[in-house]
Amino acid sequence: MNETITLLGLESSCDDTAAAVVRLSDGRGTILSSVVAGQTELHAAFGGVVPEIAARAHVEKIDLCVEAALEQAGLGLGDIDGIAVTAGPGLIGGVLAGVMCAKGLSAATGLPLIGVNHLAGHALTPRLTDALSFPYLMLLVSGGHCQFLIARAPDRFTRLGGTIDDAPGEAFDKTAKLLGLPQPGGPMVEVAARDGDPKRFRFPRPLLDRPGSDMSFSGLKTALLRVRDQLVDEKGGLTVQDRADLCAGFQAAVADVLAEKARRAIADYLSDAPAEPVLAVAGGVAANATIRAALEQVCHATCLRFVAPPLALCTDNAAMIAWAGIERFRLGLFDGPDLAARPRWPLDLSQPALVGSGKKGAKA
Ligand code: KG4
Ligand code: ZN
């Protein structure tokens with residue numbers, strides 16, 4: 001197929017303002033530019049993302065990101081075939097900032113507008129990076145999301161399970177906070193855990209006694225808090241070794257839960273008899289070497305290929321939105337000026353809504 005489609009993508013659903021230009025040609029996607037303006041320092045003093053501050057920063061930055069993305073791609077709006085934008089799920093003020101910008105660009109240029117589900121953006125990324133064929137199994141595991149999905153088509157996903165409370169990234173961040181480590185906590189906990197004994201403290205593996213691939217991570221940090229307080233009571237404080245052992249024990253518990261739930265999700269997925277079975281991951285937590293190794297081992301044991309896109313494409317970015325937009329464009333799925341910004345937008349409407357709410361707002 002020689003179809004060439006070039007899309008501008010916009011992302012603003014949490015604390016990253018992003019714009020990117022992606023081109024499909026000869027059946028393969030190429031990222032021509034990808035600009036991400038983070039907001040970490042704006043929220044640092046508050047210990048989490050403040051929705052109003054995030055929304056204001058998106059409004060201030062989004063058009064600058066669009067300009068930079070076009071410039072880095074060496075293109076003008078006249079070279080673009082359409083505008084894709086995250087229309088949810090996420091923090092509503094931020095999503096609105098992106099959707100309004102995209103609508104303005106579309107109205108001014110006459111280019112088609114395509115509303116993209118942020119989770120679909122993550123879930124379709126392995127098709128951009130590794131040209132995966134449907135159906136493939138996907139684990140989204142970040143500070144805001146945690147779910148197993150079977151990706152069947154650009155607009156068709158089956159959710160096999162998800163967290164019923166915290167996302168693992170949130171649990172890592174809260175653990176870091178409890179142990180006095182800086183944010184974002186995930187990488188800090190991982191570094192501290194390297195010198196730790198994962199067996200000294202045995203943390204719970206929640207929901208393993210229940211069938212299916214739903215997960216729960218909020219009890220883990222409560223268990224960690226209890227052990228920390230007990231150590232402080234006994235010894236008046238934590239040693240470097242205590243902290244390392246707590247981090248290692250916590251990380252091992254998260255890795256065990258994800259690995260066991262992955263085994264179950266894989267069994268469900270394999271019942272479809274996919275021609276080329278694959279487990280792909282996305283999200284910041286997929287950067288964790290222990291978790292990645294646990295998932296790789298499960299894939300090895302079940303004869304699945306393991307695919308992890310480069311980290312910059314696993315975390316929030318607009319290239320994934322432009323690519324998901326291209327997938328919708330090819331199917332003729334366009335939106336009008338009435339495109340709505342949606343705080344919640346489950347990918348699989350046949351499943352009950354997830355009740356948790358992460359740093360990105362509702363978990364969908
Ligand atoms: O995908 P991401 O950048 O943003 C969200 O969509 O949330 O993921 C960020 C999350 C944070 O909670 C961060 O602590 C966690 O991913 N994270 C990690 C690691 N690197 C980032 N968690 C565990 N180990 C890591 N190495
Ligand atoms: Zn995300």
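At 22% relative accessibility, does Glu260 count as buried, partly exposed or exposed? Glu260 counts as partly exposed, where buried means under 20% relative accessible area, exposed over 50% and partly exposed in between, with a 1.4 Å probe and protein chains only. The legends below describe a predicted model, in which local features need pLDDT of at least 70, side-chain atom pairs count only at pLDDT 80 or more, and totals for chains, interfaces and linings use all residues. Residues are numbered from 1 along each chain as its sequence is written, chains are lettered from A and ligands numbered from 1 in the order in which they are written, and side-chain values use heavy atoms, with hydrogens and water left out.

**Figure 1. Overall dimensions of the protein chain.** The protein chain has 11 helices and 12 strands, which are DSSP runs numbered from the N terminus (helices are H or I with at least four residues, strands are E with at least two). Its C-alpha atoms fill a box of roughly 70 × 50 × 35 Å along the principal axes. The radius of gyration of 21 Å agrees with the value near 21 Å for a compact globule of 364 residues, the radius being taken over C-alpha atoms and the globule rule being 2.2 Å times the number of residues to the power 0.38. Buried residues make up 55% of the 364 residues.

**Figure 2. The zinc site.** His118 (NE2), His122 (NE2) and Asp316 (OD) coordinate the zinc ion (ligand 2) at 2.1 to 2.2 Å; donors are N, O and S atoms within 2.8 Å of the metal (3.2 Å for Na, K and Ca), and since water is not among the atoms, sites may look incomplete. Along the chain the donors follow the spacing H-x3-H-x193-D. Because His122 lies in helix H4 (residues 118–130) and Asp316 in the loop between helix H10 (311–314) and helix H11 (319–330), the pair ties together parts that are 194 residues apart in sequence. Both His122 and Asp316 are buried.

Figure 3. The model contains 13 salt bridges, each defined as a side-chain nitrogen of Lys or Arg within 4 Å of a carboxyl oxygen of Asp or Glu. Asp242 forms a salt bridge with Arg200, with the closest N and O atoms 2.9 Å apart, and this pair links helix H8 (residues 240–270), which holds Asp242, to the loop between helix H6 (185–193) and helix H7 (218–235), which holds Arg200, 42 residues apart. Asp242 counts as buried at 2% relative accessibility, whereas Arg200 counts as partly exposed at 35%. A network of salt bridges links Arg200, Lys235, Asp242 and Asp245. Asp256 and Arg205 also meet in a salt bridge (2.9 Å, N to O), with Asp256 in helix H8 and Arg205 in the loop between H6 and H7, 51 residues apart. Within helix H8, Arg264 and Glu260 are 4 residues apart and thus separated by about one helical turn, and their side chains meet in a salt bridge (3.1 Å, N to O).

**Figure 4. Aromatic pairs.** A search of the whole structure finds 4 aromatic pairs, meaning rings of Phe, Tyr and Trp (its six-membered ring) with centres within 6.5 Å, where planes under 30 degrees apart count as stacked, over 60 as edge-to-face and the rest as tilted. Phe201 and Phe203 form a tilted pair, because their ring centres are 6.4 Å apart and their planes lie at 35 degrees; both residues are buried. The pair of Phe329 and Phe334 is edge-to-face, with centres 5.1 Å apart and planes at 85 degrees.
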